[in-house]
Structures are given as C-alpha cells and as structure tokens.
Amino acid sequence: MPIFREREYLRVNLGEQRDESLWMQCKACGELVFRRRVRENNNICPSCGEYFFLTATERLESLIDAHSFEDISRPIVADDPLGFHDTKPYAQRITEAQEKTGLPGAIIIATARIAEVPVIMGVMDFRFIGGSMGAVMGEQICYGMEEAVRRRRPFILVTSSGGARIQEGMFSLLQMAKTSSVRSRLADERLPFVSVMTYPTTGGVQASIASLGDIIVAEKGAVIGFAGRRVIRSTIAEELPGNYQTDSFALEHGLIDRVAARESLRDELASILRFFHDDHE
Amino acid sequence: MTMSDERTLDLLEAKIAELRELDKLDGMDLTAEIERLEGKLQSLRIDHYAELSDWDRVKLARHAKRPTALDFIQRMLPDFFELHGDRLAGDDPALVAGLARLEGRSVAVLAHQKGRTTDENKERLFGMARPQGYRKARRVMRLAERFGFPLVSLIDTPGAYPGLESESLNIGGAIAECLETMMALSVPTVAAVIGEGGSGGAIAIAAADRVLMLENAIYTVISPEGAAAVLWKDRDRVREAAQALGLTAPRLAELGLIDEVIPEPLGGAHKEPDTTADALRNALSRHLEELSKQDPEARRETRRQRYRDIGRFHTLAEGS
C-alpha cells in the first residue's frame, strides 16, 4: 500500500518473492545471501537480521507444531458490490492477487496446535491487496471466532494489513463493526483471543479487531497505528519522531502487551496459552 | 449543480428580499415582479438540486453553513445537559456527550461537533475527535447502559484526529473499544449521520440498532480526496472517487447499509435548519419508539446479527 512506501518507514522488506534463483540480495545490508538459509531462518537475513516478508502459510508454519494445521477457511471470494474501478477494475485486482498469492482472499483460517494446545488461527497475507479488510476478510475472521466458540479453543489472529479495503466502500468500513460484534461473543464465552500484530497493523484493522485482543503481542519490526505518516502530512503537517508507530512506540505508549522477535513468537504464544489451559480439566 | 450555480441561487434569493423591502415603500407595487422571480428561483432550485452529483453532496455535507450537531441538539433537545471528560486524559470538544429528554424519556447523546468559526474550529478541530473523545463516548455509553437510557449518536466528522498525540493515546484502540461496547449494549441505540461520516472516527459511535442519514450527508470508508490520492494517485480525481465510493445516503440505503434517508429542504439542511431538525427529531423518536418495544436481549442479538451479516461475497466454485 502506498501509505508505507516511504523508505524510512520500511521495517520489513517485501523481497522478490518469485525469484527462484539460489541467491538473494538483502535490501537492508546489501549482502548476497543463500536463499535456502534465509528460508530456514524464518525469512530473517542471516547476515544482518533484517526481517523479510512472510506469506500467510509461512507465518502459520513458523508459529505452530509441525504438520498440525488444517486450512478451514470458508470457500468464499469477494464480490464487487460497488462495481469499483480506479486505475483498474476491482474484479481484476482480486484475480491478480489470487494468481500472485494462490489464495482466495487476504486471510486464511486454520486449526492448529501450538505446544500441543489446539487453537483456531487467522493469518493475514499482506501480498493480497495490502492485506486489506473487505467483506471476505471480515467474514473469515468472524467464522474463525465462531469456530473457536464451537470447538472451545483459543483464537489467535495474526494481522498484516494496511486497513479497510477501499474498493468495497462502506461494506469494508462496516467490517470493523462486524468483527467487533463476533468478538463480543468470544468474550461472552470466555475464550481467549490473542492478537499478534505484525508489519503492518494499521487503519481499520488496528482500530477494530486487532486492538481487541485479550493479550496483544507485536512482532519486532511491526508498524502499529491508526493514521500513517502520509495522512498526517496531508492533514495536519505535524513533525513526527523517528520511532512513530514502531513496535517500541506501541509498547511504550501502552498499545500492546509485549514485543517478541520473530524466532521467539511461537514460544511467546505457547507461554500465553498455558495460562488459559486448565490442567485439571 | 456547481457551487457557482449555488451562488446564482443565493444572489437571486437576496434580490427577492431586496425587492420585498422596496415593495413596503409607498407607491411601489412589485408584487408581480416578486412572484415572477420567486417562481424562477423555485424552478432553478428544482433543476439544480434534482441532479446532484455525489461530489455535490460531499460539498453540501461539508457546507460552511450546514447545521452542526449542537445546532440540531439545541432545536431537538432543548434541555440537553452536557457532560465533560474521559476521566483519564482530558475532555474533547470535538465529541460532545450529555443527557437529554426525548418524548418523555431520558436519553444519552453523543455527537461530533464541528466549529462554525476559525476560533471554534481551533478548539473543536473541525469535528475530528481524539482518543479523549472516544473514551468519553465509551464512558457515557456505559452510563446509558447502567440506567437504561437509549443512546442517540449524531455523526459529523471528517475522521478521527490523526497525529502524534492521538497515536500516543491509542486512537485505534479507543475506536475499537467503542465498537465493542456498542455491540455489548442492551439499551436501544440510534445513530444519524448529519453531515460527514468519515471512516473509523464515524463508525466508532455509529454502530447502532438503526442508522439514519440526512439526505445530503455522506458516510464513507475514506474521504474522496484520500481515495483519489491512494488509488488514482491524483488528488484532482475527487469527483470520480466520490462517485465510486458509494457514499451518499440514497446509495447506502439502496445497498441496504442504512435504514432511512431523512429528506432535507431543497438546497440543503442549512436552508431550513428548523424543518430539518424537526424531521430528524421525528425520525429519531420513531425508531427509538419501535426499538423500545423490543426485549433488551433480543434487541442486542438483532444488532449483533445485523452487523455479523454485512458483506457480499460468493462461494468459490469447486476445483477453482
């Protein structure tokens, strides 16, 4: 999304995903690194520690017990309720995003186990139109929470989204209310909801479901906030500090509970889940 | 309609007023002339306002003379009693809250308040509420819940106030908590978009049992200017963006996203604030009356389901 285009704003580089050659150049340190080593290292640069982008599947696999997940996403794809056409038709944008990602939408919902604890997970994929939240994402998140209620499992949502999907207009804005509505059911049922904010968690996603976690953990390098630098520059032209909307800013100002490095996120989740699991059951 | 057309109408209106003054003087009989011009004015108005583009409506929704929330409140709820402060970080004049009596019952009121003058807008930040505003709103929502007061929200904001202070106080989290609270309330809730319904800052207090809009109000995921910049990479494509976003009251009613469009006088709410306030009050009372007859649990359940069901998508074909 253009909001995050500014160089100084990039915390995670969206590296060339399609390049299948053996080597890749890290955009942060410029080193040529062995692609397989990067992959084995959770997509972290072995040379400088820069985080490369994770697809939804890679993210899932990095967090859960090996071979424990099953994709239970609803088999749905977005409509184009407004017949939206900016520089290209919305329908075409969706098709292109599907071809690029191999996913029907910008999120997958899965059952999985983390340190043996069965959970329901929702994981966003930023490659799919900036991980933006339209009707499909809203529906999938709600479905995930409802499955969590049905199966009496904790719900974990890993966000990577620029916010609401403009092309679905008010249908997108109302997903903020939709997800909040089902979130309150999860609360009624006293099932834990852990929100994991990764790069980036902003706009309508940060201002709704992502901020409603019982516990909120951010991945190191996440950008977290409501209005990006571009919006602020064009509305109030305020000077912003270098750490604006970074993980440390969010922690310092009390937006989140904790920050974890990518390689320790799984242990972080396991530790949290332990407190909600009754050994005497 | 363009703004220059509106100026023509205003000029003609002023001319007629002048002639009326002259008409009062001895020896002047301008009745015929006045009638002729009034007929002309009326037909021009009908022509101009019959075919408002979406962008015209955006401009009407933001019109400098458009009645603000307090203008409506003053007319509809004369005993409005303002409450201040979020009990935490301050008071936000861009989001006013209070109690009032409507049709013999106490109601809690939340409203974005724009300023009329530059000084007022310095204080009220053009109706862009800060975290203090949303936390005050949430506090008053809870107050309403405790005492069974129905909640009335009037929406008129370009969006939540962006910037360092807002982010430091977690504006996104404050909006999210308002949404969650609105879904948990058992009291009746009615929201009316009276001017601009700008994005997250608007929906935070608008996720109600019933959502109404004044005819020339707008409700949108992003401003046309923002959409033009982000999607068209061209700030001048605002007319196109306004059209594409589907942000007008009639369009949103057609899409099934709002419950009622409240008609405005020809030329917009600012032409006849009293008439508009009457229509708004009647609509709010009618919806509250209907909602009050429902069982609180059933009402909350209906609200949750209403929002749960929003969104259009189709099932993936097998094997694709």
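User: In which helix of chain B is Gln132(B) found, and is Gln132(B) buried or exposed?
Analyst: In this predicted model, Gln132(B) is found in helix α6 of chain B, which covers residues 131–147. Its C-beta atom has 25 C-beta neighbours inside 10 Å, and a residue counts as buried once 20 or more such atoms lie within that distance. Gln132(B), a residue of α6(B), is therefore buried.

User: Which residues does Gln132(B) touch, not counting residues up to four places away in sequence, and what distance separates its C-alpha atom from that of Gly172(B)?
Analyst: With sequence neighbours up to four places away not counted, Gln132(B) touches Asp86(B), Ala89(B), Gly90(B), Asp91(B) and Asp92(B). Gly172(B) lies 40 residues from Gln132(B) along the chain. The separation of the two C-alpha atoms is 12 Å.

User: Is Gly197(B) buried or exposed, and with which residues is Gly197(B) in contact, leaving aside its neighbours within four places in sequence?
Analyst: Gly197(B) is part of strand β5 of chain B, residues 189–198, and because 32 other C-beta atoms lie within 10 Å, it is buried. The C-alpha atoms of Gly197(B) and Ser223(B) are 9.4 Å apart in space, although 26 residues apart in sequence. Once neighbours within four places are left aside, the contacts of Gly197(B) are Ile155(B), Ala202(B), Ala206(B), Ala217(B), Ile218(B), Tyr219(B) and Thr220(B).

User: Which element gives the most to the side of chain B that touches chain A?
Analyst: The contact takes 44 residues from chain B and 55 residues from chain A, and the chain B side divides into 27 nonpolar, 12 polar and 5 charged residues. Several elements of chain B each supply at least two residues to that side, including α7, α10, α14 and β9. With 9 residues, the element that gives the most is α8(B).

User: Why is α4(B) described as roughly perpendicular to α13(B), and what is the make-up of their contact by class?
Analyst: Helix α4 (residues 69–76) and helix α13 (residues 273–292) of chain B pack at an angle of about 75 degrees, with axes 9 Å apart. Angles of 65 to 115 degrees count as roughly perpendicular, so that term applies to α4(B) and α13(B). The contact is made by Asp71(B), Phe72(B), Arg75(B) and Met76(B) of α4(B), and by Pro273(B), Asp274(B), Ala277(B), Leu280(B) and Arg281(B) of α13(B). By class, it has 5 nonpolar, no polar and 4 charged residues.

User: How are α4(A) and α6(A) oriented to each other?
Analyst: Helix α4 (residues 135–151) and helix α6 (residues 175–188) of chain A pack with their axes 9 Å apart, at an angle of about 0 degrees. By class, their contact has 9 nonpolar, 3 polar and 4 charged residues. Since angles under 35 degrees count as roughly parallel, α4(A) and α6(A) are roughly parallel.

User: Is Arg190(A) buried or exposed, and is Asn170(B) buried or exposed?
Analyst: Arg190(A), in the loop between α6 and β8 of chain A, has a positive phi of about 55 degrees although it is not a glycine. Asn170(B), in the loop between α7 and α8 of chain B, has a positive phi as well, near 60 degrees. Arg190(A) has 9 other C-beta atoms within 10 Å and is therefore exposed, whereas Asn170(B) has 25 and is therefore buried.

Technical notes. Residues numbered from 1 in each chain as written. Chains lettered and ligands numbered in written order. Predicted model: local features only at pLDDT ≥ 70, side-chain atom pairs only at ≥ 80, totals over all residues. Axes fitted to C-alpha atoms, helices over the stretch in contact; angles between N-to-C directions. Helix = DSSP H or I, 4+ residues; strand = E, 2+ residues; numbered from the N terminus. Parallel < 35°, antiparallel > 145°, perpendicular 65-115°, else oblique. Contact = placed C-beta atoms within 7 Å. Nonpolar A, V, L, I, M, F, W, Y, C, P; charged D, E, K, R; others polar. Buried ≥ 20, exposed ≤ 12 C-beta atoms within 10 Å, placed from the backbone.
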